[in-house]
Amino acid sequence: MKMKKFDTSVKKVDNEEKMSGRAIFTGDIQMDDAYFAIQVRSEKAHAKLKGIYVPKLPKDYYFISAKDIVKENVVNIIASDWPVFADKKVNYIGEAIGLIVGPDKGMCMYLASLVKGEYEELEPVFEMKNSYVHKEFTKGDVSKFKSAKKVFSEEFTTGYQEQVYLEPQAMLMYIQNDQIVVKASMQCPFYIHKAIMRTLGCKEKDVRVIQPAVGGAFGGKEHYPSLMAAQLATAIVKIKKPIKMFFDRKEDITYTTKRHPSKTEISAYVDAKNNIIGVKIHVGIDGGAYVGCSMVVLSRALIAATNTYTFENVSVSGDAYCTNKVPSAAFRGFGSPQSIFAFELFINHLADYLKVDRMELRMKYLVKQGDITSTSGLFRDPIILKELVDKAMEMSDYKHKVKLYSKEKSYRGIGLSMFLHGCGFTGSGESDLIKAQLRIKKDKNDIVTFYTSQVDFGQGNRTTLKRIVVDTLGIPEDHVIYDAPDTNETLSTGPTAASRTIIIVGGLAAKAAQHLKSIWKDGEEQEIVEPYVGPAYIKWDEATMQGDAYPGYAWGVNIVEVSVDPVTYEVNVEGCWSTYDVGHAIDERIIMGQADGGLAQALGWAYLEKEVAENGMFKQRTMSDYAIPTSMDLPVLETEVLDNPFKYGAFGAKGAGELTFVGGAPAFALALEQAIGKKVHDIPATPEYIMELMNHEN
Amino acid sequence: MKISFVINNKKVSLDVEPSMRLLDVIRNELHLTGTKEGCGEGECGACTVLINEEPVNSCLYPAINAANKNIMTIEGFRETNEYRVIADAFADRGGSQCGFCTPGMILVTYSLLKKNPHPSEEEIRFALSGNLCRCTGYQAIVDAVKVAAVKGIKL
Ligand code: FES
Ligand code: FES
């Protein structure tokens, strides 16, 4: 048995508690006197809410609705357009019009089923036609498009994806020492903190958010918990009892946020000598009933739209569309998997159209250090994408296989994707919006404690961040204490999102530790608050989308091999080989975990996970209807990381969490194309879709 | 009605309603919260316990059927030598990320290795297929099972 030795890895700090079942997740917290809260949800996709019929409630049972809002009926998500409780109007099926709260869960559910909204229906919109966010930018001189001798255009679509973190949404709220205390399955303690402050109009010190163990998140616990928190906070100031709201899986799949479905149109303008003059791209994403964070998802999708290729002239635009469906929000990759899927397929199809070798065309436009990005920023750092490609090809025997499978009716195929991921918040977001501050202190016994607001929902960041501080200070591991966030102790180091944890917070932790080391006095109490200072070169104008979008980029290559059963149209994934540049991998075992998990989710998105809404209601509402990959759906995943230390990251590290999701779907689709000899434009590529393609002429 | 069973080598007797799931008894009555609920419909395996040494989804298992049976949850299993071997193998390969699937995965690994001490890759993947993990892509878990098999769980 040959298995990689993880020489660079240390023991994960949470291993033992998680394996032994001792880790306390939100649902494991014992609080017997807590009341239950059940959302009462709109049954209409779009309607005026004329009133709400509430039956006479037994003692100790409450109905909480927009009427009970203390200060502001809005959830503090970027756009601030999502109400805590629907008021006068409902905009999607499942939107909360209120809560039933009381001591017995069964009774709460029964009462909730009796509450009825009185509606006057309005025309719902389910298609992507009403834009609520539009963005665009160009590079070079797009008037040159007119000189093209050939124009090639295509359209691509991707579907919804549900996060299916294994632990459904869960929140517990109680009052202690005059504070509202929240324990929840979450990604961003300070998002919840702010959401409560905003709806109640209370002070920072009135709210305390503590993170228990979190059973996966992947973006799905970035914003939705803010809604739950605002609702429970409204209830708790009235009822003054501990309250818990736990979703079962069906509620979670049916009513919480998902990955944006997308439709991307791309045109390439080509001269007589087959040189690409430029490309024009439009990305549309289905944002659902409220904008929430869709403008940021859109912006990431657009910035990534030309993927790993450089063109002189580029026109990029995009819209997020308002539909009467559950709002879409964060999911690993945050918009870029959608646009990169489209572009990776497009450039291959373009090569076929131009009758040139696919790989040759891709290599001709491959981004190099010093190239100008599509937003007219600069790729400053060394790019080792070619090495990543060579290595992945060698691992998979790609060149041999791609020839072998090109024979007719082999029903086997192999596909290669290249991709990048910008780490951290877009542009100057880190310095202007997040303004992370990291607190580190030392007691008289020289025991160091530091605090971040980063949540470890499985990525291993508790281990890696601790290690950064331990190694920087050069003191034994058990002299450093680093616990899960508690907003009473922790300053905000920002959300656990955007692959920013290691590149931004890790860098900040190293700097803070360095600072402490420089003033270290044995046996004395010392404390430092270290603010984040971004690299001075980052200049970004959000309005025009011009400048350097990210402080750094991580890179990857995925190769996927598939076979297709020509009778059942089922696909088998036969092999996956990946190479990544995540700067310097601080802990290889943790990076491998991200690599495997991200790719597995991406393959699920590519061919297994189908979620469709019909008349505003999701059709797949259980885990048996919505199938995520099992151990039988996946092959051995082989991964190598190549070292390319990043100047500004802690110990040379860049982000890795989202990168590993980005390339799976296009590599899969390219493999599928070869296996069936047809072009793929849409995912998920279900057996029905494959049957349709195979039975069509072109 | 009143039933008795052995759980984690201790005999318990308690009143259960016919509609109660074994999972509810374990989590809510006995406060053994290492057993998780991920779906409540038999799809994810987070609620896996061993009943007479066989892995069972406790979310589908009526509590009354547990009468006179021998039940093992992670809280009992973690006291065994076999647990140590498997947990070390999971740690070595990175088989646990968020940890929500992990107690179930560990119990299933034990039951596989007990029956089949040297399983093939396919046999491992088949044995794990009723337990979903959204974090690891299964690679590290499959590898952990192999490592545990090499060490041997009967130490
Ligand atoms: S909770 Fe029992 S199988 Fe998912
Ligand atoms: S480790 Fe998170 S679901 Fe398996």
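Student: How much area is buried between domain 1 and domain 2 of chain B?
Tutor: About 1,400 Å², and carbon and sulfur atoms give 68% of that. Buried area is the accessible area (1.4 Å probe) that two parts lose on being put together, summed over both.
Student: Which residues lose the most area on the side of domain 1 of chain B?
Tutor: Glu53(B), Ile74(B) and Phe77(B), together 40% of what that side buries.
Student: What are the ground rules for this model?
Tutor: It is a predicted model, where local features need pLDDT of at least 70, side-chain atom pairs count only at pLDDT 80 or more, and totals for chains, interfaces and linings use all residues. Residues are numbered from 1 along each chain as its sequence is written, chains are lettered from A and ligands numbered from 1 in the order in which they are written, and side-chain values use heavy atoms, with hydrogens and water left out.
Student: Where do the domains of chain B run?
Tutor: Domain 1 is 2-77 and domain 2 is 81-151. Such bounds come from an automatic or database domain assignment. The contact takes 18 residues from domain 1 of chain B and 16 from domain 2 of chain B, with contact meaning heavy atoms within 4.5 Å.
Student: How many salt bridges are there across that interface?
Tutor: The rule finds 2 between domain 1 and domain 2 of chain B. A salt bridge is a side-chain nitrogen of Lys or Arg within 4 Å of a carboxyl oxygen of Asp or Glu.
Student: New topic. How many residues of chain A and of chain B are in contact?
Tutor: 54 residues of chain A touch 48 of chain B. The two chains bury about 4,100 Å² between them, 56% of it on carbon and sulfur atoms. In chain A, Met19(A), Leu166(A) and Ser631(A) lose the most area to chain B, together 19% of what that side buries.
Student: How many salt bridges does the rule find there?
Tutor: 4 across the interface of chain A and chain B. Asp28(A) and Arg27(B) meet through their side chains in a salt bridge (2.8 Å, N to O).
Student: Which elements of chain A give two or more residues to that side?
Tutor: Helix H1 (15-19) and helix H14 (588-608). H14(A) has the largest share, 7 residues. Helices (H or I, at least four residues) and strands (E, at least two) are DSSP runs, numbered from the N terminus.
Student: What about domains in chain A?
Tutor: Domain 1 is 26-124 + 164-255, domain 2 is 262-423 + 546-694, and domain 3 is 431-531. The C-alpha centres of domain 2 and domain 3 of chain A are 34 Å apart. Those two domains bury about 1,200 Å² between them, 66% of it on carbon and sulfur atoms. In domain 2 of chain A, Ile586(A), Ile590(A) and Phe651(A) lose the most area to domain 3 of chain A, together 36% of what that side buries.
Student: How many salt bridges between them?
Tutor: The count between domain 2 and domain 3 of chain A is 1. The side chains of Asp587(A) and Arg467(A) meet in a salt bridge (3.5 Å, N to O).
Student: Last one. Why is helix H6 of chain A largely enclosed?
Tutor: Because 9 of its 10 residues (294-303) are buried, meaning under 20% relative accessible area (1.4 Å probe, protein chains only). Its cover includes strand S7 (131-139) and helix H7 (336-354) of chain A.

Note on methods
Buried < 20%, exposed > 50% of the residue type's maximum accessible area, 1.4 Å probe, protein only.
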